[in-house]
2 protein chains.
Amino acid sequence: MKSDLLKDLLEENDNKIIYLIMDGLGGLPREPLGLTELETARTPNLDALAREGICGLLDPVSPGITPGSGPGHLALFGYDPQEFIIGRGVLSALGIGFQLTEKDVAARLNFCTIDENGLVVDRRAGRISTELNQKLVEKIRSHVQLPKKVEFFLETVSEHRAVLILRGEGLGGHINDTDPQETGKAPLEPRGSDPASQKTAEIVKIFLNQVKEILKDEHPANFVLARGFAKYVPLPTMKQRYGLKAFAIAQYPMYRGLARLVGMTVPEKPANYQAMWQQLQDNYSQYDFFFIHFKKTDSSGEDGDFDRKVKIIEEIDEWVGQLKTLNPAVIVVTGDHSTPSVLKSHSWHPVPALLWSPYARPDSVTQFGERYCANGYMGRMATKHLIILALANALRLKKFGA
Amino acid sequence: MKSDLLKDLLEENDNKIIYLIMDGLGGLPREPLGLTELETARTPNLDALAREGICGLLDPVSPGITPGSGPGHLALFGYDPQEFIIGRGVLSALGIGFQLTEKDVAARLNFCTIDENGLVVDRRAGRISTELNQKLVEKIRSHVQLPKKVEFFLETVSEHRAVLILRGEGLGGHINDTDPQETGKAPLEPRGSDPASQKTAEIVKIFLNQVKEILKDEHPANFVLARGFAKYVPLPTMKQRYGLKAFAIAQYPMYRGLARLVGMTVPEKPANYQAMWQQLQDNYSQYDFFFIHFKKTDSSGEDGDFDRKVKIIEEIDEWVGQLKTLNPAVIVVTGDHSTPSVLKSHSWHPVPALLWSPYARPDSVTQFGERYCANGYMGRMATKHLIILALANALRLKKFGA
């Protein structure tokens, strides 16, 4: 539903909504015509929720599109990922847990190798080690002098990857990549496409010129290429859009950052599953919506480890067993995208989802798995609609029209 | 997905996509509670593809809308038929195999009967024979003199129907129908709604005045009514939108024309199924995408011949048996719309579809038929998404967002 229309329907109450997100949940069979990871896992608690609730298959972006973590989570939070585009620089900063402010423009930097004529000979500087990256970042930090009133932060990500954040009044993020995308070419000049971005591009130029000087005797990483400039603009919050005070329980920086982007409260990083449960219990009465993020379903999928993904799903199923003791109005279990072990990567396959609530109209699905979900009441729909369905089942939406 | 966002995701490789389109494939049971044409047909090859791939039901335009051939095929090629509207004049010209150029404005002409006061008494001139139509077209061709720099082409379609094409620099197609839609009224004057179309409308007026003079002693077809003026504007090509070099194998002019409209290579008309297979084999290595069009499922449906439609589906199933020997990455089988024999016409019913690929996540569907497709993974979706799903399964799309 259009968000301006939705606003008029919101009704606040004490009903709680829990979103349990298994990153990269969707999978594929290991053998043709076999079972997926989720279908293979023994999941009595998830199956009970599926039996009592409704199931479906979700498209995070649209059919056939493989989502990154950013678009996948925005869709879960009800933000159309084709409308709310988060720049790569901002996502990279979120990914390392950097706390962005509204004065910040962020970009991905890659260490690279240039020759004596300034032409790029290796766009990744031979994938230098993270340790060397840290050493070079330290060197750049201590030597670069930007015009006053602009602060910069340079942070190692891993190997040849780093993030640059410029902080100042009136900066703009509409700046082209300086990465020429192929070797044998000179890095491109940064240019802004509006006055604020032009001003910012001038500062980027100063930064890059100094970096070139600072790194000139290094090898192989003697320069940097910048990509994905983006200004940090927090989105309308979940409180504004849905009237939900939202709380995030997540161990990994990227998901904590994404939760902050939509105005969730993000407490300290929980050390383990038990700590996650403790955070949920301790904050349960203070919030309306709980985003609980489990990462390892995705990492095991990315590693191509079918059996580990199965085992992780089974562990999370045990954790799920406690949820109903809190007496929530709605429990949602799904993922931000699929990460089939056989593909070792995110994929376009729709994500299995279940929504449990006393008011969900039970369908014929009795087991949580991709092929069973295909026959559920939720049908196949865009992930962004899920939050509306959750609000409805929490009796937080009034009638539309008389 | 929005086409500007999609562009950044395209990745080229050698994986081939085959679209096998049975025109008007969807059907209805002959008896209540009976089986449809497709469900009745013995289709071991299609069933095998359905078992190994994913199935669904497609809405070419949107639920409840009966599509013409134009919108139905545009949706298959991934062009939203509510956004890309092809004028009737252009479709009529495509339908008779007329090769339009970017200088052309086309319109449907109907021979009609007017009385001594110039009022329309029969909008179809008693549905004159195609032979008489051809005679009159010949007469008009040899007598009409248009201002130089504008060429015209007049072509018989059938019975009272013909197509007019005006060719010249700077013509416009925004011209009203001259058909008053009811008898007892005078034909309307053609008027253009922008300068180019105004200029063109003046030429249409000259053409119509001369035709009135040329046909004044004919009976019953003593004038013509024009409808559906439209300028031929080729669409962005499939190469531009999807990075796909596309090849069309189709026997009928309309579908060859629609394929040309989106930039496909269209070889000579294949004489029979064997020739279609030969064209596919001969051009397989040179192209990425193959549109293979079978017409007779639609014509048998239009004729109300249930048994013939069943038999044709069985013949095509045999043809399908060879496809996997080419080792394609993706095989899609569906139709451009439904043509149930019991309705003897196109209909709004969603169209059964299957997508076979090693990366399709197998669903529980084991037979290709409307009611089985309703339980497939593809779910029910708009036809325009299908091409994106095909690109994904051919591993031709990068991740969206980080």
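Here is a tour that starts with a whole chain and then stops at single residues.

**Before you click**

This is a predicted model, where local features need pLDDT of at least 70 and side-chain atom pairs count only at pLDDT 80 or more, while totals for chains, interfaces and linings use all residues. Residues are numbered from 1 along each chain as its sequence is written, chains are lettered from A and ligands numbered from 1 in the order in which they are written, and side-chain values use heavy atoms, leaving out hydrogens and water.

**Stop 1: all of chain A**

Select chain A and switch to cartoon view. You'll find 14 helices and twelve strands; helices (H or I, at least four residues) and strands (E, at least two) are DSSP runs, numbered from the N terminus. Along its principal axes, the C-alpha atoms fill a box of roughly 70 × 50 × 35 Å.

How does the radius of gyration of chain A sit with that of a compact globule? A compact globule of 402 residues would be near 21 Å, and chain A has 23 Å, which agrees. (The radius is taken over C-alpha atoms, and the globule rule is 2.2 Å times the number of residues to the power 0.38.)

Now color by burial. In chain A, 59% of the 402 residues are buried. Buried means under 20% relative accessible area, exposed means over 50%, and partly exposed is in between, using a 1.4 Å probe and protein chains only.

Next, think about contacts, meaning heavy atoms within 4.5 Å. Take those in chain A between residues at least 6 apart in sequence: 75% of them join residues at least 24 apart.

**Stop 2: charges**

Stay on chain A and show the charged side chains. There are 47 positive and 49 negative ones, and the centres of the two sets lie 3 Å apart. Lys and Arg count as positive, Asp and Glu as negative, and His and the chain ends are not counted. Each charge is placed at NZ of Lys, CZ of Arg, CG of Asp or CD of Glu.

Side chains of opposite charge can pair when their charged atoms come close. Over all chains, the structure holds 50 salt bridges; that term means a side-chain nitrogen of Lys or Arg within 4 Å of a carboxyl oxygen of Asp or Glu.

**Stop 3: a few salt bridges**

Select K139(A) and E218(A). Their closest N and O atoms are 2.7 Å apart in a salt bridge. K139(A) sits in helix α6 (residues 130–143) and E218(A) in the loop between α7 (195–214) and β7 (223–231) of chain A, so the pair ties together parts that are 79 residues apart in sequence.

Hop to chain B and pick D307(B) with R30(B). This salt bridge has its closest N and O atoms 3.1 Å apart. D307(B) is in helix α12 (residues 306–320) and R30(B) is in the loop between β1 (17–22) and α2 (37–40) of chain B, so the pair ties together parts 277 residues apart in sequence. D307(B) is partly exposed at 48%, and R30(B) is partly exposed at 42%.

Now try D104(B) and R167(B), a salt bridge with closest N and O atoms 2.7 Å apart. D104(B) is buried at 0% relative accessibility, and R167(B) is buried at 18%.

Back in chain A, select R123(A), D179(A) and R227(A) to see a network of salt bridges.

**Stop 4: one helix residue**

Select R260(B), in helix α9 (residues 253–261) of chain B. Leaving aside residues up to four places away in sequence, R260(B) touches Q99(B), Y232(B) and V266(B).

**Stop 5**

Zoom in on H219(A) and P220(A): a cis peptide bond joins them, with omega about 0°. Do likewise for H219(B) and P220(B), where the peptide bond is cis, with omega near 0°.

Finish in chain B with K149(B), which isn't a glycine but has a positive phi of about 80°. K149(B) lies in the loop between α6 (130–143) and β5 (151–158) and is exposed, at 78%.
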